[in-house]
Amino acid sequence: KAQEDDEDDDETGAEEGGDDESESAETEEEEEEVKEEGVEESVTCSSIDASLYNDFVEDDTEQCLEIKSEYTTDCCYTFPTNPCGLCKQDGTSLTLLWASEVIYEGRSVSCGVVDNILNTEEETSPTCSAAKAEHFDDCCFDKCSLCDDNQLAWDFVIDYYNDTSKTCGDIEAIFTADEVKSSSDRCDSVKDDYQELCCFTPPVTPCELCPEYVRWNEAVEFDGEESTCKAATSMLKREEESSDECSSGKENIGEACCYELCNVCGESLMLDWDAVVEYEGERIACGDFKPIFGRNEIEEGTDECSSIKGNYSDFCCYTPPNEPCNLCQTETSFLDAYTSVEVELWGSAMNCSDVYDYLIRRIETDSETCSSAKESVSECCYNKCTICGGTQVQEFELEIDLNGEAISCLQLHSVRTSDIAVNSSDCLSMQSDFSNQCCYDTPDTPCVMCPDGAVRKDLEVDFNGGTETCEHVANFLASRANNGTEECASSTAEYQEYCCFDKCSLCGENGQIDWDAYVEFDGKDDASCGSFDWYFSSNGIEEGSGQCTDLQVAFEETCCYEAIDYSIPACSLCKRGEAWYDMNGDVDVYFQGSNRTCTEVSNSLFRKAEEDSGFCAAAKAEYFPSCCFEKCDLCQGSQLDANVEVAYKGAAATCLELGLRFVADIVMEGSEECNAAREILFEPCCFSNPTDPCVLCQSNTVDQGDIRDDVGVSFYGSTTSCFDLNSFLVSREEQVGFMCQAAKAELQEDCCFQECSICGSGGNLYWDNPTTFNGISFACGELTWVLSGSRVEEGSEECIQMQSTYYDDCCSGPSALIPDAGNKCEICPSVGKDWYAQVIHLGKPMTCLELDSVLLQKGVFDVSAECEQAVQDYSNQCCYIPPKKPCNLCQSGKQSYSVLDQTVTYNGAETNCYGIYNYLWTRLETEDDACLVTQNDLQPQCCYSKCSICQDYQLDQDKLVVHEGATMACSELENSFMGLNQIMQGSEQCARIQQEHW
């Protein structure tokens, strides 16, 4: 029985053991499930987002949509307009105790975590209010601020309590750690002890003890105490650069604290940053010397610095060439240098780009080294491939596929064509594949989407299969579509409603902006009234909006005025009766509530008041004595001989220089100085204009032809040109005078000639007869312009040849090709014609001038059906009604300024200032709103005051001067050179030219 019991026990044990094993396995599975459930429960939203990215789960796939459906509600939120801040109170933020623990939604978390959670809620939400009510006192406190509203010197070291050294920033950290409140005694005590040391009002221009390098640890005496250069530098930064404390500090400790870093090349040589040398066993670039010197404080003038210079200046330094050697410059063009081609030069293998860089930095262009290098490695240079041909413009933003890689057209034009030569197979292949996508032709008359208003720049619309801003659409149409085409018409019709708006006008329809007036606006106390128009465009402020009305009410009185009728004389400050006086423009006077210069007062009166108004009379009575004077007239109505040199007050000067000095020094008419100067200078400096001027190429009122400008002659012992001699005679000599008659008798044959006439003296010119000159079809009348411009003389071999060639075409009667030329078709019979406007005729582009000739040669005459059709087809492009008073873009009052060659945005499109100027001049009246708005919009960008050599004095037009190695007349220097180089009045270059050539 015992044995049976034992066996039963064994069986039972085995069974129980099996049960235990089964239960154990079940427990492990349950634990695994719990673990897995625990993992799922602890997954963060950011880890889900990261796993989607790492697993390359694509948008809109089933997996992505499923995960979004499950987790979007828990993980995503709309960022609030005004986020909740746990420690925000009455518009101010108290200090947050980040690490303090609180119970939030049943969990123990830090105050910092609570604040982050609340940042997703609106400040006015119930969740925000409830959290603040529960946790504000535990998480927030009004921390003591050592400096209140002043600047804290964070790094300044002080002796803190218990003889410890701390920075002022450490005190702020202690206030936070110890929760020192602003109302506590401890706060007041620490402020009393350290506020003066740690706090300061930041200067506008801080004092800099040293221009660059400081001996930080050098001991010095500063402000009566032992200190270091570092501490003194920090303290001086609290002072203004112009203060006595700054000057005194620099004087007392500047020499001890400041030093100049060693410069391996000195002041006269250039550092070759990329040259490699061996220094202290390592190969370094010469450009690395400066940081080495800085770390080791190697000073200029020390033995160590001199030793380094002696060892390395020959390798690292060079004298830059006056005219650098450009490896790839030829007599006619600039080529590119290959970056992938290796060549051998001077016994070493080098990359072409390295050769190019070395020569441009070091070698003169006229040296033998330059010439031999160009001959030795000519294979380095190539004419870079261009995708776009002719006058096409490069597209930059469009994305294309190049060998399976998505790149922009900009990358194609700039990077991917490097090392690819023009006309190579690679280049031709690229042009064939991408020119249609990455190149386009600019329109002759750009399409303007919003001609009467402004563009809502940031508003997005559907355009060309994508979403684009209105500004992009406007620029695209202006750069790609011609005005008047179907593309332009359909696009403007589609987008004007959404993209265009009536821009706010500060002064309404009838008011004018006072550009000289200033107001306090947008944080500036000197905002120009003229800048509001730009502000309205940039911010999309529409007429009639609340913001527009508020600004009109606020600034209309200061910024606006009602324009006077300019057919009535405007108020001129320095005019009395019919006499004009000079203005002392820089004098300050008190005018309409502020200090203004006399020039500003004069400008304001001219724009706002009529000459006969009471306001004008009162202003003159008030400001004329201060602003106006009658300058000393040296010649009293006679002409000033500008270039005659005289001695006056012990110094040599020209009569012109003396006249200018009288203006600058305010020498008044009737003064003792004026009368004394006139007695001495009238005879050498003044002359009277002749009543009947002497004209060299005219005898007894009979025209003897034109002047040979460049022929040199000798007259009265002086060598001059026919042109200069004639100018002198016209301005000085009477027709019947001895000198005039002598000049004619002696020099007419040398100086005068008759211009060649195609028909000679025996034929009549038929203006419209067609002929061919140099392969180009001309009307015979246009051919006469060619002869005149070439100054072909009658009787010359060239003239005889021209007469022989063209007499039959032009002089023998109306051409058989156009028997009815007198009745030719006029596209613009009673209005102006834009000769150079572009049209398409029979599929061929041409100008309106060329169209005129084509119609004439094809026998299209007036009152014919073909003429009527041509007028209907082309009058919109070729014709316009010329304004009676053309709009001058650069006119301001009576002052006309010059036009800048600059690209600007106009009516939402990029265009050129010259194009706008020509359009306004030929199309708009001065008083048109469009004229005034455009002037206000674009004058600051498109117009400038061109440098005037003589300013208020007469320019000697024909006087020859040498400028920058070229001989030119003063008129060429003033008009052509100044204009082409856009040299502005008041610039340094203008001042140099005035000083040199006045």
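Where is P443 found? P443 sits in the loop between β26 (439–440) and β27 (454–455); helices here are DSSP runs of H or I with at least four residues, strands are runs of E with at least two, and both are numbered from the N terminus. Keep in mind that this is a predicted model, where local features need pLDDT of at least 70, side-chain atom pairs count only at pLDDT 80 or more, and totals for chains, interfaces and linings use all residues. Residues are numbered from 1 along each chain as its sequence is written, and side-chain values use heavy atoms, with hydrogens and water left out.

- P443 is buried, with a relative accessible area of 12%; buried means under 20%, exposed over 50% and partly exposed in between, using a 1.4 Å probe and protein chains only.
- Setting aside neighbours within four places in sequence, P443 is in contact with A478, S479, R480, A481 and N482, where contact means heavy atoms within 4.5 Å.
- P443 and N482 are 39 residues apart in sequence, yet their C-alpha atoms are 4.9 Å apart in space.
- I758 belongs to another loop, the one between β50 (752–753) and β51 (770–773).
- I758 is buried too, at 3% relative accessible area.
- Not counting residues up to four places away in sequence, I758 touches C780, L783, T784, L787, Q803, Y806, Y807, C810 and C811.
- I758 and I993 are 235 residues apart along the chain, and 44 Å separates their C-alpha atoms.

**Helix pairs**

- Helix α2 (residues 45–54) packs with helix α3 (residues 62–75) at an angle of about 145 degrees, the axes being 11 Å apart; axes are lines fitted to C-alpha atoms, for helices over the stretch in contact, and angles run from 0 to 180 degrees between N-to-C directions.
- α2 passes α3 in a left-handed crossing, meaning the near helix is turned anticlockwise from the far one by less than a right angle (clockwise would be right-handed).
- On the α2 side the contact uses C45, I48 and L52, and on the α3 side I67, Y71, D74 and C75.
- That α2–α3 contact has six nonpolar residues, no polar ones and one charged (Ala, Val, Leu, Ile, Met, Phe, Trp, Tyr, Cys and Pro count as nonpolar, Asp, Glu, Lys and Arg as charged, and the others, Gly among them, as polar).
- Helix α30 (residues 913–923) and helix α31 (residues 929–942) also pack at about 145 degrees, with axes 11 Å apart, and their crossing is left-handed.
- Here C913, I916 and L920 of α30 meet T934, L938, Q941 and C942 of α31, which by class gives five nonpolar, two polar and no charged residues.

**Aromatic rings**

- The count comes to 22 aromatic pairs, with Phe, Tyr and Trp (its six-membered ring) pairing if ring centres lie within 6.5 Å; planes under 30 degrees apart are stacked, over 60 edge-to-face and the rest tilted.
- F463 and Y495 make an edge-to-face pair, 5.7 Å centre to centre with 70 degrees between the planes.
- F463 is in strand β28 (residues 460–463) and Y495 in helix α17 (residues 486–499), so the pair ties together parts 32 residues apart in sequence.
- F463 counts as buried at 7% relative accessibility, and Y495 is buried at 6%.
- Y535 and F536 have ring centres 6.3 Å apart and planes at 65 degrees, so this pair is edge-to-face.

**Charges over rings**

- R576 lies over the face of F624, at 3.6 Å from the ring centre; the rule wants NZ of Lys or CZ of Arg within 6 Å of the ring centre and within 35 degrees of the ring normal.
- R732 lies over the face of F687, at 3.6 Å from that ring centre.
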